[in-house]
Amino acid sequence: MSASAAGKTGKGSPTGAAGAGSGAGGTGLEAQLKKAEAFLARFRAEPLGHFIAGKAVTGSGETFDNVSPVDGRSLGEVASGTPEEVAAACEAARDAFGTWRKLKGSERRRILHRIADLIERRADEIALVECMDTGQAWRFMSKAALRGAENYRFFADRAPDASNGLSLPTDTHVNYTTRQPIGPVGVITPWNTPFMLSTWKIAPALAAGCTVVHKPAEWSPLTARLLAEIMSEAGLPDGVANLVNGIGETTGRALTEHEAINAVAFIGESRTGSLIMAQGAPTLKRVHLELGGKNPVIVFDDADLDRALDAVVFMIYSLNGERCTSSSRLLVQRGIHDEFTARLAERVKKIRVGHPLDPATEVGPLIHARHCEKVLSYAAIARQDGATVAVGGAPAARADLPAGGQWVQPTLFTNARASMRIAQEEIFGPVLTVIPFDDEAEAVAIANDIRYGLAGYLWTNDVGRANRVALALDAGMIWVNSENVRHLPTPFGGMKASGIGRDGGDYSFDFYMETKNVALALGNHAIQKMGVS
Ligand code: NAD
């Protein structure tokens with residue numbers, strides 16, 4: 001039976017109009033579409049179920065319709081995991097944990113490298129399916145699968161040493177620490193770049209010796225299935241990585257409450273993060289939360305303004321602006337404000353909205369009609385609060401854009417103040433809010449006057465100022481004179497409402513592993529005697 005295609009379940013078609021590739025033009029796009037359709041056929045043919053204990057499992061409960069944001073066409077029905085199916089996946093993860101944790105690190109390394117090999121081999125398929133499921137542009141998604149493979153390789157190489165710890169000697173004892181995997185973990189992922197984000201959680205968990213139950217977002221479930229198949233084909237033992245599809249409030253909730261799960265790694269909205277903490281509390285789950293952001297990019301008047309402009313545009317309009325680390329608040333020093341903003345507006349007007357599979361496209365359709373509506377609603381909010389809608393602020397309407405897609409114009413709000421809703425709320429679309437400032441102190445005050453604290457970007461050629469501001473910003477990651485360039489060993493995560501915990505390198509192992517201290521006496525310390533006289 002099909003659950004409602006609207007509401008909180010499936011993506012729902014806004015118009016029901018077909019038209020993939022309608023008027024799209026260009027042989028590049030036509031060839032891409034043909035390939036994508038071939039990869040998508042299997043998902044349209046039968047409901048997408050789960051993957052438990054090494055086997056594809058047909059869902060026993062309701063299904064929901066998964067609709068492409070590109071053209072409103074159905075990408076197939078998806079099973080909504082029942083509590084029994086979640087329990088079966090959690091128990092499979094618990095059963096598999098005993099052997100997986102004991103496998104030599106070098107063997108785990110071998111399997112994880114094999115997974116990376118297979119991801120690379122199927123990179124085109126993953127990218128094409130991801131584009132049609134999420135609306136993300138090919139120019140970015142074609143690299144996302146490869147980044148996913150890189151995540152596996154990076155953690156594969158660290159698997160043999162994951163349990164290594166510290167030596168902490170005293171005069172009387174040798175203390176050493178060691179780490180052991182925490183057990184089966186729940187991984188819950190969002191709909192923006194879902195494949196890459198899933199690998200970012202699952203690869204370190206497996207390298208650490210944990211087993212996994214993954215619940216992908218209901219708005220973008222397809223590539224999680226490809227990943228599950230790849231991991232199985234690569235020789236990951238049955239039950240080590242399980243996948244249950246479904247709705248957050250039911251399937252996701254059941255996963256966070258199951259007693260076999262010892263930790264939950266979550267990426268998503270801040271309010272969902274607090275629900276997950278509450279749901280996991282009765283079973284005392286460790287939680288790692290990567291949540292929302294409203295990240296500032298601060299441009300001082302002494303910066304390299306050409307490079308700053310490139311980075312500002314890239315960090316909010318790439319990936320449709322549906323990116324947790326996007327710099328969605330631009331703080332510009334007053335002396336350069338008018339000229340910088342005018343140059344920025346010219347660039348934003350020229351950003352190419354189009355079919356995600358068209359290699360020329362820079363911004364694709366947003367994930368869902370409801371999300372699109374939310375993003376578009378901020379134009380009226382901006383005007384009401386007294387800001388200027390300098391560019392965009394409306395649906396993108398062009399004859400060559402497929403009907404039924406969630407098209408929005410790249411949008412620029414200027415003359416904003418820090419207290420406005422457009423400067424405080426995570427819009428999560430291709431929308432940038434510009435706020436002027438006078439001096440360093442004011443820039444820091446505006447940047448920190450927000451509930452979020454994920455990332456911060458700053459542009460200046462004054463080294464002292466770069467360091468002062470970097471240290472003063474309340475955010476987990478700061479980039480100076482750079483867009484977001486990720487180095488996998490470095491910590492990734494946020495402060496305040498942006499999250500709890502860090503990913504990356506050894507930080508990931510700290511989450512997926514328990515640290516144990518062993519104290520060995522050298523035999524020379526005095527032991528207090530009791531009951532001797
Ligand atoms: P969301 O919180 O709505 O959903 C994320 C996942 O949680 C989905 O799989 C959903 O089904 C599940 N879920 C929902 N309610 C649940 C519940 N009660 N119990 C268990 N699971 C539940 O987020 P979204 O809209 O899919 O993603 C966008 C958000 O993710 C944005 O706020 C963005 O900033 C954030 N994000 C953060 C990072 C980061 O690293 N900090 C990275 C990417 C995205």
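1. The chain is split into domain 1 (49–291 + 503–513) and domain 2 (296–480), with bounds taken from an automatic or database domain assignment. Between the C-alpha centres of domain 1 and domain 2 the distance is 31 Å. Contact (heavy atoms within 4.5 Å) involves 22 residues of domain 1 and 31 residues of domain 2.

2. The model is predicted: local features need pLDDT of at least 70, side-chain atom pairs count only at pLDDT 80 or more, and totals for chains, interfaces and linings use all residues. Residues are numbered from 1 along each chain as its sequence is written, and side-chain values use heavy atoms, with hydrogens and water left out.

3. About 2100 Å² is buried between domain 1 and domain 2, and carbon and sulfur atoms give 63% of this area. Buried area here is the accessible area (1.4 Å probe) that two parts lose on being put together, summed over both.

4. Across this interface the rule finds 0 salt bridges; a salt bridge is a side-chain nitrogen of Lys or Arg within 4 Å of a carboxyl oxygen of Asp or Glu. The rule does find 9 residue pairs in polar contact there, both residues at pLDDT 80 or more. A polar contact is a pair of N or O atoms within 3.5 Å; within protein, one must be able to donate a hydrogen and the other to accept it, and residues adjacent in sequence count only if both atoms are side-chain atoms.

5. On the side of domain 1 that touches domain 2, the elements giving two or more residues are α4 (123–134) and α5 (138–158). Helices are DSSP runs (H or I, at least four residues), numbered from the N terminus. The largest share, 5 residues, comes from α4.

6. The structure as a whole holds 29 salt bridges. In one of them D117 pairs with R153, the closest N and O atoms being 2.7 Å apart. D117 lies in helix α3 (residues 105–121) and R153 in helix α5, so the pair ties together parts that are 36 residues apart in sequence.

7. Around the ligand there are 29 residues, of which K215, E218, T272, L291 and E426 come nearest; a residue counts if one of its heavy atoms lies within 4 Å. A polar side-chain atom of W191 is 2.8 Å from a ligand oxygen atom.
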